[in-house]
Amino acid sequence: MVVMADATAERRADVVVVGAGPAGSSAAWHLARTGLDVALLEKAEFPREKVCGDGLTPRGVKALQDMGVDTAAPGWVRRRGLRVHGGGRVAEVDWPRLDSWPDHGLVRTRSELDALLAAHAQQAGARLVTRTTVTEPLLDDDGRVAGVRAETGDDREPVTWRAPLVVSAEGLSGRLAKSLGLLRRTDRPLGVALRRYVRSRRSDDQYLDIAFDLTADGPSRDAMPGYGWIFGMGDGTANVGYGLLDTRRGTGADRKVILRRWLDLFPAEDGLREEDAVTPLRGAGLPMALSRGPAYSRGLLLAGDTAGTVNPCNGEGISYALESGRMAAEAAAEALAAPDAAGREVALQRYPERLRAELGRHHRLGMGFLALLARPGVVRLATARGLRRPALVDGALRLMGNLTDGRDGDAVDRALAVLLRLTPAA
């Protein structure tokens, strides 16, 4: 049962989590599992829309399974790999078979996924409070975050939630981080994604299409650094979209036109064109490479898009949202168990250090990848030659998806481990 906030009462919790997307629900689930009283505040009602490709890599599948989500249950649709289009060639590549990761990906609409994860957090003991828009942090006399102020219901009645710690999983435009002066770094990439659902015969395709050839002539300057996608949803529809992964390197070309012209290259019977649309075209920003920080400040922890955890190699955000939510929860739980304020602060300060240690090097590599992806000639040459060599494609997929067994793996994994070790963290 969803708890509706009482606008006339002051509420309390051990931790307030703002935003019930994957990062917020992950944080709430992990916190509730420790026995803490967690309030998960969400401005909308479920189900709700979220612009996304709806695809989960094996990294995202593992994060779900680590939370006890039954990904074999009805509603989850397995996908075996990617179909990559580039340099005039097409190659079907299965997800790597590794010891550390599942051998498959999944698709599920975000309207279903987010509702499921919020309910999962509830089942662990978190209090889900919907139709509650957080407006600003509540600060104590020392300037530390001691809760949030919010508005609830259709009448936007004011309500105050007090808690010694707050996790912001509000997304790119989160108010809490901005209120503390934690602004997005403009020297880090910001992507933009457009997507819609179409009625398509490719709905049951076992491979997720990723295309760098977005014109009849291959990669174009207007479309780079980016790619198009076609993800069959298994319900008669496909999610089709285009992501420009670094707006700083874009030419300003109309992204809607890029997407439409690319989809028009496919046969009409595939059902990928505007006349096949079953939803409007929608867009969203993709904050990457730990673009807002520090991820902890004065009682506020940032997770998911709020911290800019999207992978710059491929625009993947769900897995890193789930992982950062877990890391934020673990830091908060450790802090609240500390015997004194000094011990609490030490535990909290470790969170941004851990986030950077676990994701920073790979994200730095991703920033370099975007610089290469902005050069159509390089993309054309690399894909035309690389897609002929399965071993190279497998290695590239491991690198881009951050999927390796590390130094315990094969020669490819060991080489990638050395590369990551030599790369400075973002």
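The protein chain is divided into domain 1 (9-76 + 109-185 + 288-360), domain 2 (190-287) and domain 3 (369-422), with bounds taken from an automatic or database domain assignment. The structure is a predicted model, in which local features need pLDDT of at least 70 and side-chain atom pairs count only at pLDDT 80 or more, while totals for chains, interfaces and linings use all residues. Residues are numbered from 1 along each chain as its sequence is written, and side-chain values use heavy atoms, with hydrogens and water left out.

Between the C-alpha centres of domain 1 and domain 3 the distance is 31 Å. Contact (heavy atoms within 4.5 Å) links nine residues of domain 1 with six residues of domain 3. The two domains bury about 620 Å² between them, 56% of it from carbon and sulfur atoms; buried area is the accessible area (1.4 Å probe) lost by two parts on being put together, summed over both. Of the area that domain 1 buries against domain 3, 61% comes from Arg-59, Pro-312 and Cys-313, more than from any other three residues.

A search of the whole structure finds one cavity of 30 Å³ or more. On a 1 Å grid over the protein atoms alone, a cavity is a set of points where a 1.4 Å probe fits but cannot get out, and lining residues have an atom within 4 Å of a point. Residues lining the largest cavity include His-362, Arg-398 and Asn-402.

Definitions and conventions:
1 Å grid on protein atoms, 1.4 Å probe; cavity = no way out; pocket = protein on both sides within 12 Å on 5 of 7 lines; lining within 4 Å. Points joined across faces, edges and corners; volume = space filled by probe spheres on them.
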